[in-house]
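Student: Could you take me through one part of this model in some detail? I'd like to see how a single element sits against its surroundings.

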Amino acid sequence: MTETNDGNADPNRMADSEGGCTLCELPVEGSGVVDDGNAFCCVGCRDVYDALGDVEDVDAADVRDARTASDATQPSEDTREVPSGHETTFLEVDGMYCATCEAFIESVASNTEGVSHASSSYVTDTARIDHDPETVSVETLKEEISKLGYSAYDREDAISRRRADNWEMGRVAVGVMMGMMVMLQYIVIIYPTYFGGLFYDERTTEFLTEALASELATPFYIGIAALTTIILLITGKPILQGAYVAIKTRSPNMDLLVSIAAISAYLYSTLSIIVGDPELYYDVTVAIIVIVTVGGYYESTLKRKAMDRLSDLTAVQVDEARRVYTSGDSDTSTASDSGTASDSSTVTNGENTDTTSNGETTVPVDELETGDHVLVRTGERIPIDGTVVGGQAAVDEAVVTGESLPVTKESGDEVVGGSIVSDGSLTVAVGEDATSTLDRISELVWDLQSGTHGIQKLADKLATIFVPLVLVLALVVTSIYLLLGASIADALLVGLTVLIVSCPCALGLATPLAVAAGIRDALERSIVVFDDSVFERIRNADTVVFDKTGTLTTGDMTVVDTDLDDELLEQAAVLESRSAHPVGEAIAAATPVSRVADGGTVASSDDELAVADGEATEEGRETGDDQIDSFESHRNGVSGVVDGDELIVGHPDLFRDRGWTVPDELDERITDARETGRVPVAVGRNGAADGLIVVGDDLREGWDETLTAISESGTDIVVLTGDDRRAAAQFREHDAVNQVFAGVPPEGKAETVDRLKRTGRTVMIGDGTNDAPALASADLGVALGGGTAMAADAADVALVDDDLSSVDTVFELARATDRRVKGNIGWAFCYNAIAIPLAVTGLLNPLFAAIAMGASSLLVVTNSSRPLLSE
């Protein structure tokens, strides 16, 4: 039953609550609350809505206008509803380089028959398409997008991704090798004729000039034209494609500017061969295409190198499940409540199926149906959402919910797919939807990624003004020269020179080389940048949101305080050495080497843990086992006899249930510890509780300094966690923290970040799968490298060394990279300010324009090679 916050049922809201949580739209069940006519799935969502509910009244356009012109925002997506019978497909699209590519792909995909909605993001190389599978198949969608010049394939298709990477490297190789062949002909044969006797003696120079002017030189020119054509069409394909998209979407960009210069030089040179008056500027075409392509490839190579640093991240999806059979199944073996089955082979649909000796069958998770029973043992992930029908175990739900402490589950309790059984074993009945909460989070991340539109890069913004201006200027200058009586060839040459100098390679290199410098310097500091637009999307944040478990804390359970004598602590550690529960393991590790007993020692917790059927043993703890005369595991603790003393280690309720006494003073200390978000564990001997062990996950080193430094820069700090309010209490008291939201589910985290984004730029920092939707939703997502693969996939930046102080370095690098981009573009336009007037007056021919262009490019390369941050 859904209740209001004062504990009274609100019958007027029951029907509404069935529609889902007001904040995150999750189902509102028994743990839900109703507040002021709004139903929420949990207290955490209610708190977020109470604090941020009014931000819906803020006009997103006003927020965007309030940000600086260089900080373009991601446009919000229109409300989207998937029609009945339609399915959503996520594709990875290689070849998207800018916001115009996004608009082009969305337009083409949306106009395809059977498609109801399409969204794409060059930031994440993701396209999301809602379509009727009966009308248009996934393969057809791939073909439609690929026909545009892109490469579309499934996100999990590693072969296609490798093929795309190889094709990119091949294009660069073709450009470099054939470009060298073209430039060799210019350096050895053509350039010397421009400089008289500077290269060769006068006789040789005269011979070359006459040879190039004769008809015998035509095959030579055609050879150069052929090589240049290959470079333009193969190496320059992405640039030409970007220019085509810019024209189709009427959004000029850098690709269009580069293409205009390269194609103009190419067409003029080809036309001069045809009319028999060869004046070749193929070298300009080759230089522009190859230099810009190599600059972009250098940037992408650094990105791939950075990605290799994260190869050890752990994926958490479950592909297979251990299905067991109950007495109600026909032609199968019978399973007990604990999830074991009698020895038998299994017959399904009249065919023999391979099974284990206890009647279990390993099947793909996709084959599970509602009501199937699956067995999950210690250390394994629960493959799918469901209800426990047998067994008892501690379940770690941190990766899904963010809750740092394991929760004991027994018959009748619901469990979520993706959580880990940390102590014991469970038999789980598959839920009605036969889906995993983890999979739903994954789909939510993809959904958010495909809707995260990239910003328009600074160079592209300048191109929207510069391209029309240059075209008009070239046309006007050519027309004036014709009116003044110049020949067509001379007038076209002046116009061509204007077009060439208007797009120096320096302008094309300005952004990629500066971004590459940012990625390089970040990698040196163990910071991996996944998305090159990070440095333009975010320089200064208005709000930084921190996850708690695994981000501000280590996420590992340790003993943080004890209040008992050493002998009792050692006995408790020996008893807990039999437990695989994280709290028990923390207590067992409290004394690295325990006291000597019977000539041996109790091994440290670093020994390898061997787990079987929910009962933990440790190799190397034989002497500790000799001290234990009996051991029993309970829902809320353990008990046994150690060295002849009867011990209980666990919750005070376990003591009371067994008739042991718990002093009032100890009860008060337990309450105080619980209020700080820690786990208090009572320890008793021979009938009475004698001491207390406090267990919790430690705060990360430097967390306080990091929060303080970010707060002092004028940024608001929000702590967002799936843990309960008590676990986050210490952050509420911190001067640097503005707001704390506790008990928020993954979907609620994403909605919280989305609401914060409406008030200003928002950065999310997290580590777990439960943080992934929020990381994907934020303006900038930062994942700790020790987290899950899904968190890293959803983020824009990963801190490989798990160093929280690196967060501030990310912002410093972003600001430094922005300064470097603007500096490079400034040098490029200084060149334009000098070269264009000279070209207009006819004082600069294409050859000297090319030389000046090379000099400006060298200047930009040298500037970009400097470190962004001083050590």
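Predicted model: local features only at pLDDT ≥ 70, side-chain atom pairs only at ≥ 80, totals over all residues.

Which residues of α23 are buried?

Tutor: The buried residues of α23 are L666, I670 and A673. Look down the axis of α23 and those buried residues fall within an arc of 65°, so they line one face of the helix. Now turn to the face pointing away from that buried side: D664, E665, E668 and D672 sit there, and they are exposed. "Buried" here means under 20% relative accessible area, while "exposed" means over 50%.

What covers the buried face, then? The cover includes α22 (652-657), along with the strands β25 (679-685) and β26 (688-699).

Helix α23 has 12 residues, running over 664-675, and at 1.5 Å a residue they should span 16 Å. The end C-alpha atoms of α23 are 17 Å apart, which agrees with that expectation. Just after α23 comes G677, and its phi is positive, at about 85°.

The structure holds 7 aromatic pairs. One of them is Y186 with Y191, a tilted pair with 5.5 Å centre to centre and 55° between the planes. As for accessibility, Y186 counts as buried because its relative accessibility is 1%. Y191 is buried too, with a relative accessible area of 15%.

Definitions and conventions
Residues numbered from 1 in each chain as written. Heavy atoms only, no water. Phe/Tyr/Trp six-rings, centres within 6.5 Å; stacked < 30°, edge-to-face > 60°. Buried < 20%, exposed > 50% of the residue type's maximum accessible area, 1.4 Å probe, protein only. Helix = DSSP H or I, 4+ residues; strand = E, 2+ residues; numbered from the N terminus. Expected span 1.5 Å × (residues − 1). Arc of directions from axis to C-beta. Contact = heavy atoms within 4.5 Å.
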